[in-house]
Amino acid sequence: MTMMNNKSFFGLGLLTLVSFTLCFLLDSYSLLVFTLCVLTVLVGVGLNILMGMSGQISFGHIAFYAIGAYVSALLLINEVPFVFAIIIAAFVSGFVGILLAIPALRVSGPYLAMITIAFAFAVHHGLMEWRGLTGGANGLMGIPMPTLGDIDPNQLLALAASFLMCISLFAYALLYNSGWGKSMRAVKASPIAARSLGFNPIQTKTAAFAISAWFTGLAGAIIPPLMMYISPSTFPFSQSILFVLVVIIGGTGTLWGPVFGAIIVVVLPEMLSPLAEYRLLIFAALLLSVLWGAPRGLFGELQRRFAKTQIELPPKLVNQQLLLQFYDRASNAITGLKVDNIGIQFGGVKAAQSVSFDASLGNVTSIIGPNGAGKTTVLNMISGFYQPDQGCIELGEQLAGKNAYQIARSGIARTYQTSQLFDDMSVLENLLSAMQQGYMGTPFVSQKTGQKELALNLLALVGYSGSIHTPSQDLPHVDRRLVEIARALATRPWVLLLDEPAAGLSRQDTDKLSALLRVIASYGIAVILVEHDMPLVMEVSDQILVLDAGKPIAQGAPNIIRQDKTVIEAYLGGTDYQAQPRKSPWKGNKDAVLFCKKLSVDYGAAPVVHDVDIVVYPGELVAILGANGAGKSSILQALAGLKRPISGHIGLQDEYINELSANEIAHRGLALVPEGRQLFTNLSVRDNLLMGAYSRTDIVDENAEINEILNRFPRLKDRIDSEAGLLSGGEQQMVAVGRALMAKPKVLLLDEPSLGLAPAMIGELYDALATLRDDGVTILLVDQMANLALQVADRGYVLETGRIVKSANAKELLANPELEQAYMGGS
């Protein structure tokens, strides 16, 4: 998406011609309004850099406008030439912008807005109180106007403002596609992904703030000679709000947005002036109409509706010689990544401990383990998003303790479980930004020679076949995965970290990914893979590290890991816990209380659940089993209305509920205990429990029903008035189950209740589930600990890659080898 093209050149040329012509045709008052409008465009360009490129918001730009004006006025009064005065004023504003940005940009959103507002008031009061320099409330007067031959000074100022406006728009167009612009836009779109490419968000945001303040100060510097008098009242805070509206109304991040916005904000009220006291009311109504009807801004909406994306495809054949040359680093002594005894804990929870492995260049090293094992935590420590409490990470140098962007510059690139592309940028721009290797580059140069050809070949390598100019937000899921891998490869990494790249892919796409990973490794890159797809892991890996509860439990070749009893127990739930059995097998009513037929669920990609049929009878405890990523939690989310299925039916007793919203389903008697508990951490245990009864329409005896829950979970009695966020993980899980029971549900849905709990706490929780089962509560249970779940279940369904491969009673499943195959990817 190139902003500076032939149409932009023509538009800027036409705008320059029209602006210069109007400078000589308008009467004195209209010329003043025109000049103020042009200066507002100049401020809008500066704010557009801050808001449109870097994603920051400032309601304090009137302060930079005032600083530029006062510096210019003081210089002009002291007979400094006009040109030098406005340039010096702009640089002073830019410097103040840097001083403000360094502390301010460590916060974001409303906090940044509050800081800029406070800055605007501080400048205003400073101008009022510094009477010796600024004249205080009386201001500065007698400011000379520039002269040039016989040209009217007012026309000369209008010409100067018009010239600066056109130059600023031209500079914005160049900056937008330059290295600076791409780095700012990358940080705006995804600060996390930008850091993993080596960009320092503070650096890019500070640069944007400084440039924005520079343009604003430049515009303010023309106000003193234009008005021949300035005072603090010349720069009201309300003007700062109008500056922001100029950008929003015109279209944030667009070239012509500030022009459209300035015309509406400055010129339109003057055109309505004959309507006297109604003009402001009409202006406000028109303004609200624009904001409501064109949320992207006027030009943003026009661009969305009429702009056409250029079609340019990657080559069908990869230029292997070019890629071999790109990755040729034979002279370097690096042999791979060494991770030695790293660990980290969050509060009292040890998320990872004593993790060690070597990832050699040219090899694929996989890290696997059940949910909550610490796999992504290890990747976050390697890539610098977490600082390890102990141990070493070496890649030619010690990396532990460095920031994420510093580690990325050292040669470690990564992808994420949920793709983190820069959605406002095209596919090509995503790769070009990565090729900057974390450095901002030059402010007005789009790309270096040969970078586009290299990007095209990297896209061809990963198998992307779409247009390189397609906005990333419009890509389907599979293409997003491929482009994210290509972007990581564009950094020329030594080590590539892949976090569940096969998530949401079809079997065919996963097979292509397997071949791609071997090709990537062949270029001398150490690939570290975290993945739940066991067939993929077993096929592509040279070595596998298995984690459980943050600890390494096995390491070796795939054929060894597949047969390792410790690994199998970690996945299936090896435990000494023995649940209390039913006194007699379940023999209840065969009228289904909950069922789904041909249920399919996706996340914008290949279905993660395919044509699943499940039936739950009253009083049953049914378990859904399968490896990580098999689709278990997706089924529960679809049943609870949190995820709309793409096909199939869901029935609760005698009613189909698949078209109902989540709150309507909850009112009908389906209660979900979500993975991770999702408590209201700032509320007490009592209040959390009472929230569970919100959907009920009968009379609730609060004390009696809470006492019933406490009898089921005695551990909560002494903690009933404690904040839920202060409880241990097991206690929080008990509160989550109790909250669901307060709804008196027809079916209780439990999603991974044992996740992250200590063995003793798991036993206590499952004893309570067995009691609920015996009391006739209907339960549909999803738990990664298959052996544990089957001890309390009556029946079970085994999922593999979103399909049911086995269903039987619990005893049959415990003895069936197909259960192990579903978790470990075959025998």
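1. Start with Glu 764, which is partly exposed at 27% relative accessibility. This is a predicted model. Glu 764 pairs with Arg 715 in a salt bridge, with the closest N and O atoms 2.8 Å apart. The two sit in distant parts of the chain, 49 residues apart: Glu 764 in helix H31 (residues 759-774), Arg 715 in the loop between H29 and H30. Arg 715 is also partly exposed, at 30%.

2. The pair belongs to a network. Salt bridges link Arg 715, Arg 719, Glu 731 and Glu 764. Across the whole structure, the search finds 23 salt bridges.

3. Arg 686 and Asp 721 form another salt bridge, with 3.6 Å between the closest N and O atoms. Arg 686 lies in helix H28 (residues 685-691) and Asp 721 in the loop between helix H29 (702-712) and helix H30 (729-741), so the contact ties together parts 35 residues apart in sequence. Asp 721 is exposed at 60%. Arg 686 is partly exposed at 28%.

4. Arg 518 meets Asp 542 at 3.1 Å, N to O, in a salt bridge. Arg 518 is in helix H22 (residues 507-522), and Asp 542 is in the loop between helix H23 (534-540) and strand E10 (543-548); the pair therefore ties together parts 24 residues apart in sequence. Both are partly exposed: Arg 518 at 33%, Asp 542 at 31%.

5. Now the cysteines. The disulfide count is zero. A disulfide needs two cysteine sulfur atoms within 2.5 Å. The sulfur of Cys 23 is 9.5 Å from its closest cysteine sulfur, in Cys 166, so it is too far for a bond. Cys 23 is buried, at 0% relative accessible area. Cys 392 is partly exposed, at 29%.

Methods:
Residues are numbered from 1 along each chain as its sequence is written. This is a predicted model: local features need pLDDT of at least 70, side-chain atom pairs count only at pLDDT 80 or more; totals for chains, interfaces and linings use all residues. Side-chain values use heavy atoms; hydrogens and water are left out. Buried means under 20% relative accessible area, exposed over 50%, partly exposed in between (1.4 Å probe, protein chains only). A salt bridge is a side-chain nitrogen of Lys or Arg within 4 Å of a carboxyl oxygen of Asp or Glu. Helices (H or I, at least four residues) and strands (E, at least two) are DSSP runs, numbered from the N terminus.
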